[in-house]
Every structure is written in C-alpha cells, then in structure tokens.
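Let's take a friendly walk through a protein model and the small molecules that sit against it. Have the sequence and the 3D view ready as you read.

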Amino acid sequence: MHILTLLQYVALASALPRQHHSNPINCPIIFDGRIPQNLTLASFDSAATSPYSPTYVKGENLTWSQILLLSNQTPPSRFDNPTQHKPIEVTINDASLFHSGAGLQIGFRRAGLLLKDDKNAAGADSADEGAVTFHWSVRQDAARPLNLSHEYMNVWHEKADYSGNQFSFVGGVVLKVDGGTGEDSPEEREKWRVQNARNEFIFETKIRYDVWQNFAVRLDYVNSTIQVFYSSGQEPLKEVTMPLPNENSGGGQLQLGIAKKPTETETVVWDGYQEAMPKGEGQIYGGVFVEKSSDGCVSR
Ligand SMILES: *[C@@H]1O[C@H](CO)[C@@H](O)[C@H](O)[C@H]1NC(C)=O
Ligand SMILES: *[C@@H]1O[C@H](CO)[C@@H](O)[C@H](O)[C@H]1NC(C)=O
Ligand SMILES: *[C@@H]1O[C@H](CO)[C@@H](O)[C@H](O)[C@H]1NC(C)=O
Ligand SMILES: *[C@@H]1O[C@H](CO)[C@@H](O)[C@H](O)[C@H]1NC(C)=O
C-alpha cells in the first residue's frame with residue numbers, strides 16, 4: 001500500500017512540467033536585466049530602481065512606465081528565478097516615434113531597453129572583452145500580436161559607432177536591405193532568426209505561441225567567433241551552431257525590445273508603410289542577462 005502510494009507519487013511528479021530545481025546560471029553575471037518581483041511600472045522611470053536606462057530608447061513623449069507592462073499571467077522563464085523575478089512586456093503603438101533634427105522618423109516604431117550599466121564606448125565595459133554570452137527569452141502576447149508581415153528587429157548588439165551590429169535577432173518578413181527576401185509568405189513570416197555581423201542568417205526557428213523560447217548568443221572577442229544556443233520552455237539550452245567566424249569588434253550595447261520596420265520602404269527610417277495599431281503590439285521578455293564566458297562557460 002505504501003509502495004503503491006510512492007509509485008503513484010513518482011508517476012505524478014514525472015508527469016508534471018519540469019520545474020526549476022536549481023539555478024541554471026553558473027557563470028559570472030556581468031549585467032543582470034532580470035526583473036525583481038518587487039518592481040512596479042514606476043520603478044522603470046528611475047535609474048535607482050530599474051535595471052535599464054530610464055531615458056533611452058523610446059518615443060520622445062513617452063515614459064517607460066507607459067511603455068512597459070507587468071502581468072502575473074505569464075509563468076516564469078527558464079533563467080528567471082520563480083521566487084525572485086517576473087517577466088516584462090515591451091509595447092509599441094502609433095506614438096513610438098522619434099525625431100532627428102526637425103524630421104519625424106515615420107518609417108519605424110520602436111521601444112528599446114538598454115541595460116543601465118552597459119556603456120556604449122568600445123571597450124568601456126566587460127561585456128565587450130574576452131568572451132561573453134547574451135541571454136534572453138521571449139513569449140508572445142495573444143492580446144497584442146506582432147504583425148509578422150513586417151520585420152521586427154527585437155534584440156541586437158550595436159557597435160559603438162552605430163555602423164552595424166555584431167548580431168541581430170529578427171522575426172517576421174526580413175527586408176531585402178537587412179538581408180532577407182522581403183517577400184511576404186507564411187514561411188518567411190513565422191520565423192525567429194539570428195543574423196551575424198554581415199546580416200547572414202545563422203540560425204532560425206519557428207515562432208511559438210504556447211511556450212517561452214530561450215536564446216543565447218556567445219561572442220568570443222579574442223577568437224572572433226559567434227555561437228548560438230536555443231531551447232523552448234524549461235529545456236536546457238543546446239548549441240544550435242558551431243562557433244562561426246564573426247567580426248565582433250566595435251564595442252557597443254545590447255538593444256532589446258521591439259523595432260518594427262515598415263513595408264514598402266527604401267530608407268526604413270524616413271519612408272514606408274505602417275498600419276495604425278489601435279491596441280498596440282507587445283513582446284514579452286524574461287531571463288535577460290549577460291554573462292562572462294571566457295573559459296567556455298555558458299549557462300544552459
Ligand atoms: C526590492 O527589494 C530589494 C531587496 O529587498 C530592495 O533592495 C529594493 O529596494 C526593492 N525595490 C523596490 C523598488 O522596492
Ligand atoms: C512630442 O510632443 C511635442 C509637444 O507637444 C510635439 O511637438 C512633438 O511632435 C511630439 N513628438 C512626437 C514624436 O510625437
Ligand atoms: C579562444 O581560443 C582559444 C584556443 O582555442 C581558447 O583556449 C580560448 O578559450 C578562446 N576564447 C578566449 C576568450 O580566449
Ligand atoms: C500587417 O501588415 C501588412 C503590411 O504592412 C498590412 O498590409 C496589414 O494590413 C497588417 N495587418 C494588420 C492586422 O494590421
């Protein structure tokens with residue numbers, strides 16, 4: 001009778017979704033972008049309380065507390081500690097616009113988080129030297145879906161002089177000027193892709209609507225390589241590319257949020273088509289952190 005009870009218990013436990021038994025982060029953290037559970041939306045308007053810059057990169061008349069959403073509906077992602085962290089959603093709408101001089105940049109809509117300690121100048125912080133792994137997880141909000149006929153560049157590491165990115169993480173129909181076909185088809189729409197410094201696709205996976213998708217990109221600045229890691233749900237990360245040659249110089253910053261590109265565009269910044277977004281669009285993030293990977297360490 002006791003044995004049967006034990007067996008039933010074991011069967012039940014193994015049928016449950018895999019939980020966080022231990023902290024999967026086992027390399028030194030350089031920047032921690034995970035959201036402590038006691039933060040409120042107002043916390044993101046002050047550098048004293050936000051892990052991110054309260055100032056950049058957002059529409060000029062908006063505050064982060066207007067842009068971000070906190071919800072307790074979304075379960076924690078793999079690299080969030082369920083007793084300490086919670087997910088955060090970045091949203092865009094028709095006000096996610098920027099001026100450059102006198103001109104309004106009508107091409108794109110953007111809201112981008114910058115880790116507040118991540119300095120732009122080349123070599124100014126330890127995320128630009130040795131080997132470093134950038135981690136983030138994404139989940140989709142059914143109430144604020146992305147329109148994947150557009151290109152979304154949602155995570156990237158941009159060089160300090162803004163001449164390019166060491167890597168980019170894009171979804172939807174990637175514009176020709178960014179290395180895609182620009183052709184709106186179901187196959188083109190439903191993909192997340194990682195691009196190297198030359199905008200070549202080095203990894204792609206289907207966009208999922210039911211689970212977290214966990215991504216990591218390791219840049220080795222000494223050996224000039226890039227390697228991509230991926231898993232879904234609570235599964236450990238797997239390497240999905242070899243360490244591939246990549247031009248990693250130039251320093252810069254991790255950019256994270258939503259950058260929705262226009263369709264029918266030539267300049268991406270100054271022209272093109274954007275439909276109105278009465279309900280806005282959102283991208284949920286969890287488990288954002290940057291770790292030191294010099295001795296080959298990558299948290300899985
Ligand atoms: C959240 O809790 C931490 C640790 O207890 C504390 O240091 C911090 O001030 C709190 N932050 C806010 C915004 O309440
Ligand atoms: C921000 O508000 C100012 C003042 O009302 C306005 O002139 C400007 O166009 C607004 N900016 C954007 C991007 O809408
Ligand atoms: C660079 O390559 C060497 C030789 O394969 C390796 O030992 C080292 O860990 C790599 N990365 C760094 C950051 O030194
Ligand atoms: C999605 O974007 C395409 C291309 O801009 C546009 O034609 C279409 O109307 C948009 N769909 C929705 C639901 O807004």
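## Around ligand 4

In this predicted model, the shell around ligand 4 is made of 1 nonpolar, 4 polar and 1 charged residues. Here Ala, Val, Leu, Ile, Met, Phe, Trp, Tyr, Cys and Pro count as nonpolar, Asp, Glu, Lys and Arg as charged, and the others, Gly among them, as polar. The members of this shell are Asn147, Ser149, His150, Thr263, Tyr273 and Glu275; a residue belongs if one of its heavy atoms lies within 4 Å of the molecule.

Some of these residues also make polar contacts, meaning pairs of N or O atoms within 3.5 Å. A polar side-chain atom of Asn147 is 2.3 Å from an oxygen atom of ligand 4. For His150 the corresponding distance to an oxygen atom of ligand 4 is 2.8 Å, and for Thr263 it is 3.3 Å. On its own, ligand 4 exposes 360 Å², and the protein buries 48% of that; such areas come from the Shrake-Rupley method with a 1.4 Å probe.

Which residues are around ligand 2? They are Glu60, Asn61, Leu97, His99 and Leu104, which divide into 2 nonpolar, 2 polar and 1 charged. The side chain of Glu60 places an N or O atom 2.6 Å from a nitrogen atom of ligand 2. Asn61 has a side-chain N or O atom 2.3 Å from an oxygen atom of this ligand.

Ligand 1 is surrounded by Asn38, Leu39 and Thr49. Of the 360 Å² that ligand 1 exposes when taken alone, the protein buries 29%.

## An open sheet

Now look for 6 strands forming an open antiparallel sheet, in the order 8-18-10-11-12-13. Strands are DSSP runs (E, at least two residues), numbered from the N terminus, and two strands pair if DSSP finds at least two bridges between them. Strand 8 (109–113) and strand 13 (201–206) are the edges, each pairing on one side only.

Within the sheet, strand 10 (residues 151–158) and strand 11 (residues 165–172) run antiparallel and are joined by 7 bridges. Trp156 stands opposite Ser168 in strand 11.

## How to read the numbers

Residues are numbered from 1 along each chain as its sequence is written, while chains are lettered from A and ligands numbered from 1 in the order in which they are written. In this predicted model, local features need pLDDT of at least 70, side-chain atom pairs count only at pLDDT 80 or more, and totals for chains, interfaces and linings use all residues; side-chain values use heavy atoms, leaving out hydrogens and water.

Notes
A polar contact is a pair of N or O atoms within 3.5 Å; within protein, one must be able to donate a hydrogen and the other to accept it, and residues adjacent in sequence count only if both atoms are side-chain atoms. Helices (H or I, at least four residues) and strands (E, at least two) are DSSP runs, numbered from the N terminus.
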